[in-house]
Amino acid sequence: MSRNLRVGISIGDINGIGLEVIIKTLSDSEIYKYCTPIVYGHTKVASFHRKAAGINEFVFQVINDAENAHTGKPNMINCWEEDVKIELGVSNETGGKYALLSLQRATDDLVAGKIDALVTAPINKYNIQSDQFKFPGHTEYIQERAQGTDSLMFLISEDLKVGVVTGHVPVKDIVKGITKESIVSKLKLMNESLKRDFWIEKPKIAVLGLNPHAGDNGLLGTEELDIIAPAIEEAFNEGIFAFGPFPADGFFGKQAYSKFDAVLAMYHDQGLIPFKAASFNSGINYTAGLNVVRTSPDHGTGYDIAGKNLAVPTSFREALFLAMHIVKQRREQDELMSNPLPFSKISKDRD
């Protein structure tokens, strides 16, 4: 590649731990061998968090445009001019307002191609709501901005990959989202991502049931018989190696996921609770199925530890490296596929 990847970073809620994990990550000089980071926020807010965390000798280079980013240095685009009151550990309208300003500017550059990938620090899904943001979370917002018809919330760690059919929806609405069509769609997105983004040639995907004991042959619910099993069969007939439905408790309890490349859960907590239990400090949230690359650390705003120098940057750092990895995997695959060798049928009569 002719230049380091430009990776944009949105700062999330300014009263949380987002900027702390960002600064801690970018304090490692090794980062700049692989990418040119561009943070969307404001230097005064960043300076407040840097001092609160006791981090010295760290300076952002202020730029006006992502295309003018300085290689080998942390860059900052100031997304507003006014002074902001920071109240560490407090969920308020201010935190949501400036999280959105950061996310909007970063996403503008992502869809315009000025940055190669986006890593999003945690937002508060409640206080960010406004006339400009009426989404359950980052995933749905990025999908709309990237003009995607569907996307997959894909949780990634070294040992476990979990996607969900229904994401940020109330529990009472989960069943409405469990349809044959939605399951097949998510399986297709997961299968394609495993092949394109992770270079797994023939992925094996485990599909979980919805009800306790996967319905127990209809005794505890019929969704497995009526919806999930037919969806698995349809996907399998289309060349996707999907298996199940498996009872979620026994599946994770026996670590059966080690036999598969990924797991498709039916709803948010069914997949994320075991994932976070196994990978809390290193897990990554990846929005798969889009023409842009967005990752995020698999933790929240961390109000309880904001400003106390207790935030662990491991998950954020992993999210940054995964974003770079996926961009490079996609580009290399596109290059390999752009000029394939011509196919010629071999004659049975050859010597």
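A pocket is here an open set of points on a 1 Å grid over the protein atoms alone, with protein on both sides within 12 Å along at least five of seven lines, where a 1.4 Å probe fits; lining residues have an atom within 4 Å of a point. Two or more lining residues come from each of helix H4 (138-145), helix H9 (268-279) and strand E12 (294-297). Helices (H or I, at least four residues) and strands (E, at least two) are DSSP runs, numbered from the N terminus. The most is given by H9, with 5 residues. The volume of the largest pocket is about 350 Å³, taken as the space filled by probe spheres set on the grid points, which are joined across faces, edges and corners. Its lining comprises 6 nonpolar, 11 polar and 5 charged residues; Ala, Val, Leu, Ile, Met, Phe, Trp, Tyr, Cys and Pro count as nonpolar, Asp, Glu, Lys and Arg as charged, and the others, Gly among them, as polar.

The model is predicted: local features need pLDDT of at least 70, side-chain atom pairs count only at pLDDT 80 or more, and totals for chains, interfaces and linings use all residues. Residues are numbered from 1 along each chain as its sequence is written, and side-chain values use heavy atoms, with hydrogens and water left out.

E6 and E7 form a hairpin with 4 residues between them. Strand E6 (residues 152-156) has 5 of its 5 residues buried, so it is largely enclosed by the rest of the structure. Buried means under 20% relative accessible area, exposed over 50%, and partly exposed in between (1.4 Å probe, protein chains only). Leu152, Phe154 and Ile156 cover one face of E6, and Met153 and Leu155 the other.

Helix H10 (residues 314-338) has 25 residues and should span 36 Å at 1.5 Å a residue, which agrees with the 36 Å between its end C-alpha atoms; the expected span is 1.5 Å times one less than the number of residues. Buried residues of H10 include Phe316, Leu320, Ile326 and Arg330.

Most residues other than glycine have a negative phi, and most peptide bonds are trans. The peptide bond from Gly244 to Pro245 is cis, with omega near 5°, and Pro245 lies in strand E9 (residues 241-246). Phi is positive in Ala214, near 50°, and in Gln255, near 55°. Ala214, in the loop between strand E8 (204-208) and helix H7 (223-237), is buried at 14% relative accessible area. Gln255, in the loop between helix H8 (248-253) and strand E10 (262-265), is partly exposed at 46%.

The whole structure contains 0 disulfides, a disulfide being a pair of cysteine sulfur atoms within 2.5 Å. The sulfur of Cys35 is 18 Å from the closest cysteine sulfur, in Cys79, and is therefore too far for a bond. Cys35 is buried, with a relative accessible area of 0%, and Cys79 is buried at 17%.

Technical notes. Two strands pair if DSSP finds at least two bridges between them.
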